[in-house]
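Colleague: I am new to this one. Can you walk me through how to read it?

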Amino acid sequence: MYREKIVITGLGVVAPNGNNVKDYWSNLIAGVSGIGPITYFDSSNHRVKIAGQLSNFEPESILDSKDIRKLDPFSIYAIAATDEAINMSGLDINSINPDRVGVTIGTGVGGIQTLEDQQGVINQKGARRVSPQFVPKMIANIAGGHLSMRWNLKGPNQTVTSACASATDAIGMAMRLILAGDADAMITGGTEASITGLTIAGFANMKALSQSNENPTKASRPFDKDRNGFVLGEGSGMIVIETETHAKNRGATILAELAGYGSTDDAFHITQPSEGGIGAMKAMERATLDAKVNLEDIDYINAHGTSTPFNDKIESIAIKNLFKNHSNMLKISSTKSMTGHLLGAAGGIEAVASVNTILHQTLPPTINYDTPDPDCDLDYVPNNAQNNEVNVLLSNTFGFGGHNAVICIRKYN
């Protein structure tokens, strides 16, 4: 049955190693890490003192100071990334039908900085001092609400929360909404601003985070034998997707095709992936089936690759179990080695990286890959970018609760 192509026409990003698409991509290709000491709060009493914070990010270029005070950082990041994505797409907000353009955005925890700040206020100053802006700054759907109001987007608007799979699920569901006829174009991706004392302490106490505080840029080391946990990051990655007809009719430059989406749940454990990576494997398989491509057509995988001992091993097993002999031909890398793990926004910035991989026919590396692990024995594009033909790729994201989400992106023809 014929299905119209869904194409990607705009990209936007704010990430620990770049506050726009050009800088982010350049730094990925150069192997530049955005991980450093935490400066947002006093981490002296914490086990973990490092994170992937945004650097030299200046939202004043697109938002006035009064609006910034009313927004949690996770909303600010989404607005900044969306502004870039819409500008790149050439989408003329004044000439489109606003009822036919919507927003689907992923976030893991929403406005947790606001939640922690206001908890401090009520504890120290009492209930009457809690800000009336508390609820509208904190709730997880509010970033998507701000996007719709800023650009007058009156189509479908939802927020997806599926832990670290949130942004990829959001992108996949946005594609489904267009295919269902509910919209002609969607703004989609993810945003997260969760580098707080409480979040760091929670992840650290469950032994999920790397404690390599002495050398932050070396702490995230996916697939390396000496990996010892992920590094928390923050930011937003947003893309503009639309039907091929809608894009062509308005003369848009088409960057790539969003060809397929697969989603599963392990139904196994709240934090550990299922035995043999069966859930991840099925999500990858569903994405390729949805895209109507053969497994042998996949050239590259932007891996979930968190740098935790269990995840990287299981993801490698899942890839080998699905792709069989072709797994030895695949190129695989984890850009989390340079950005850290953005939780619900991970799939957003990794979708931006994936589109650039196709546009530039260049593979971003997995940095800090020094000691091969017998349990992770695939080609992880170690330490240096590689020029390589990439026509079809997968972007993997897996999350607590057993959520698995994968998108397939294809070179546009």
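Colleague: How do the residues lining the second largest pocket divide into nonpolar, polar and charged?

Modeller: First, a caution: this is a predicted model. Now the lining of the second largest pocket: 7 residues are nonpolar, 2 are polar and none is charged. The pocket has a volume of about 160 Å³.

Colleague: Which residues line the second largest pocket?

Modeller: Gly 108, Val 109, Ile 112, Ala 163, Cys 164, Thr 199, Phe 203, Leu 343 and Phe 400. Keep Phe 400 in mind for the next pocket.

Colleague: What is the volume of the largest pocket, and which residues lie nearest its centre?

Modeller: About 460 Å³ of space lies there. The lining has 24 residues, with Thr 271, Pro 273, Thr 308, Asn 311 and Phe 400 nearest the centre. Helix 11 (309–323), strand 13 and strand 14 are the elements that give two or more residues to this lining. Helix 11 gives the most, with 3 residues.

Colleague: How do the residues of that lining divide?

Modeller: Into 11 nonpolar, 11 polar and 2 charged.

Colleague: Which strands pair with strand 14?

Modeller: Look for bridges, and for the sense in which the strands run. Strand 8 (residues 256–265) pairs with strand 14 in the antiparallel sense, over 8 bridges. Glu 257 stands opposite Arg 410 there. Strand 13 (residues 392–399) also runs antiparallel to strand 14, again with 8 bridges. In that pairing, Ser 395 stands opposite Ile 407.

Colleague: What sits between strand 13 and strand 14?

Modeller: The two strands form a hairpin with 3 residues between them. Gly 401 in this hairpin takes a positive phi near 90°.

Colleague: Now the interior. What is the general idea behind a core?

Modeller: In soluble globular proteins, nonpolar side chains tend to be buried together. Here, the largest nonpolar core has 42 residues. Ile 8, Leu 11, Tyr 24, Ile 241, Leu 258 and Ile 409 have the most contacts inside it. Several elements supply at least two residues each, including strand 1 (6–14), helix 1 (21–30), strand 8 and strand 14. Helix 13 gives the most, with 7 residues. Apart from this core lies another, of 29 residues, among them Ile 79, Ala 81, Ile 105 and Ala 193.

Colleague: Take Leu 258. Why does it count as buried?

Modeller: Because its relative accessibility is 2%. Leu 258 lies in strand 8.

Colleague: What does Leu 258 touch?

Modeller: Leave out residues up to four places away in sequence. Then Leu 258 touches Ile 6, Val 7, Ile 8, Ile 171, Met 175, Ile 241, Ile 407, Cys 408 and Ile 409. Leu 258 and Ile 241 are 17 residues apart in sequence and 7.8 Å apart in space, C-alpha to C-alpha.

Colleague: Last one. Which residues of helix 8 are buried, and what covers them?

Modeller: Helix 8 spans residues 197–205, and Gly 197, Thr 199, Ile 200, Phe 203 and Ala 204 are buried in it. The cover includes strand 3 (50–51) and helix 4 (112–125). Thr 199 and Phe 203 also line the second largest pocket. After helix 8 comes Lys 207, with a positive phi near 65°.

Notes: Residues numbered from 1 in each chain as written. Predicted model: local features only at pLDDT ≥ 70, side-chain atom pairs only at ≥ 80, totals over all residues. Heavy atoms only, no water. Pairing = 2+ DSSP bridges. Helix = DSSP H or I, 4+ residues; strand = E, 2+ residues; numbered from the N terminus. 1 Å grid on protein atoms, 1.4 Å probe; cavity = no way out; pocket = protein on both sides within 12 Å on 5 of 7 lines; lining within 4 Å. Points joined across faces, edges and corners; volume = space filled by probe spheres on them. Nonpolar A, V, L, I, M, F, W, Y, C, P; charged D, E, K, R; others polar. Core = buried A, V, L, I, M, F, W, Y, C linked by side-chain atoms within 4.5 Å. Buried < 20%, exposed > 50% of the residue type's maximum accessible area, 1.4 Å probe, protein only. Contact = heavy atoms within 4.5 Å.
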